[in-house]
Structure formats: C-alpha cells, structure tokens
Amino acid sequence: MRFVSLVPLLCGLAVVAQGGLNKRFAGQWGLLSAVLMNMVVATVATFAVYAVARTVPGLWPEAGAAEGRFSGFTPWHLLPGLCGVVIVVGMPWAIGRLGAVQSVLLLMAAQLVTSLIWDAMVEGRPATTARVLGSAVAFAGAAIAVWKG
C-alpha cells in the first residue's frame, strides 16, 4: 500500500477520535468551548505547517506551488473552513446522541454519495457500475455492523 493510501485511513481515524474526544471534553467544558479549543489548536498547527512548508525548500513542493497566494479570493474559498466547523461541531453532538458507530455510518453514507458525485462532476471520473456497486457494498457492510445494534 502506498503512503498516500494511508492518508485517508488516518483521516477516518481522526474524524472518529476528534468527534469522540470533543464529545468527552464537551462534558467538562460544554460543546462550544471544546470546539473553540479544537479550532485554536487547529489554527496554531496550520500556521506551523504553513511556516515549515514555506521555509524548508523541497519539503512539500506542491503545498506552495501557487505563485499569487490568496489571489483571486472569492466567498467560495470560505466553504472548506465552514465544512470543518460543521464536522468539528456536528460529530461530537451526533456521537453523544447516536453513538460513534451510527454517527460514522451516516457520515460514511454521505461521504460515499458525495464522493461519487464529486468525482463525476468535478474530477471527471464517471460513476461506473463498479464504483457505485463498490460504494454500496462498503455501505452495506457498515450498515450490517449497526443493524439492530
């Protein structure tokens, strides 16, 4: 398995760990305070990664490939950050009410459908029968894990 294949796996682990830990911390501080702490840490870590990538030549060439940083800004550029807030606020809230497995199953269902649409409409990778069936099998396997659970 190539290194790039490990990145989505790490992201999947991070979504569950982040949501579960924020749910726990919300019990101590309240959900919004836990989310605020999460976002402060994320902001500091992002600035650190940005600074290292910009100051160490060759470390991550594609990260700084664009010449005019922040040129051509539109309101659409805010959408990924807002998606992050939805995940950081929504997952611990859902985990607290549905449990981690059900919350992640619903997250996964939305990700599978959205991924098929994104690949077809944005990336030019058609939603072939094999891709749709593979996504359905993956979802069915996860659904079996929580069926009547």
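I began with the surface, and found that the protein chain exposes about 11,100 Å², of which carbon and sulfur atoms supply 74%; accessible areas come from the Shrake-Rupley method with a 1.4 Å probe, and for residues only the protein chains shown count as cover. I noted that this is a predicted model, in which local features need pLDDT of at least 70 and side-chain atom pairs count only at pLDDT 80 or more, while totals for chains, interfaces and linings use all residues. Residues are numbered from 1 along each chain as its sequence is written, and side-chain values use heavy atoms, with hydrogens and water left out.

**Overall layout**

Along the principal axes, the C-alpha atoms fill a box of roughly 50 × 45 × 35 Å. Of the 149 residues, 12% are buried, that is, under 20% relative accessible area, with exposed meaning over 50% and partly exposed in between.

**Helices α1 and α2**

I then followed helix α1 (residues 3-29) to α2, and found that their axes come within 7 Å and cross at roughly 125°; axes are lines fitted to C-alpha atoms, for helices over the stretch in contact, and angles run from 0 to 180 degrees between N-to-C directions. That makes α1 oblique to α2, since angles under 35 degrees count as roughly parallel, over 145 as roughly antiparallel, 65 to 115 as roughly perpendicular and the rest as oblique. I listed Gln18, Asn22, Phe25, Ala26 and Trp29 in α1 as meeting Leu31, Ser33, Ala34, Met37 and Asn38 in α2, where contact means heavy atoms within 4.5 Å.

Asn38, which lies in helix α2 (residues 31-55), held my attention. Is Asn38 buried or exposed? Asn38 counts as buried because its relative accessibility is 17%. Leaving out residues up to four places away in sequence, I found that Asn38 touches Gln18, Asn22 and Val88.

**Helices α3 and α4**

Last, I checked helix α3 (residues 79-98) against helix α4 (residues 100-123), whose axes come within 7 Å and cross at roughly 130°. The two helices, α3 and α4, are therefore oblique to each other. I recorded Met91, Ala94, Ile95 and Leu98 in α3 as meeting Ala100, Gln102, Ser103, Val104, Leu106 and Leu107 in α4.

Key. Helices (H or I, at least four residues) and strands (E, at least two) are DSSP runs, numbered from the N terminus. Buried means under 20% relative accessible area, exposed over 50%, partly exposed in between (1.4 Å probe, protein chains only).
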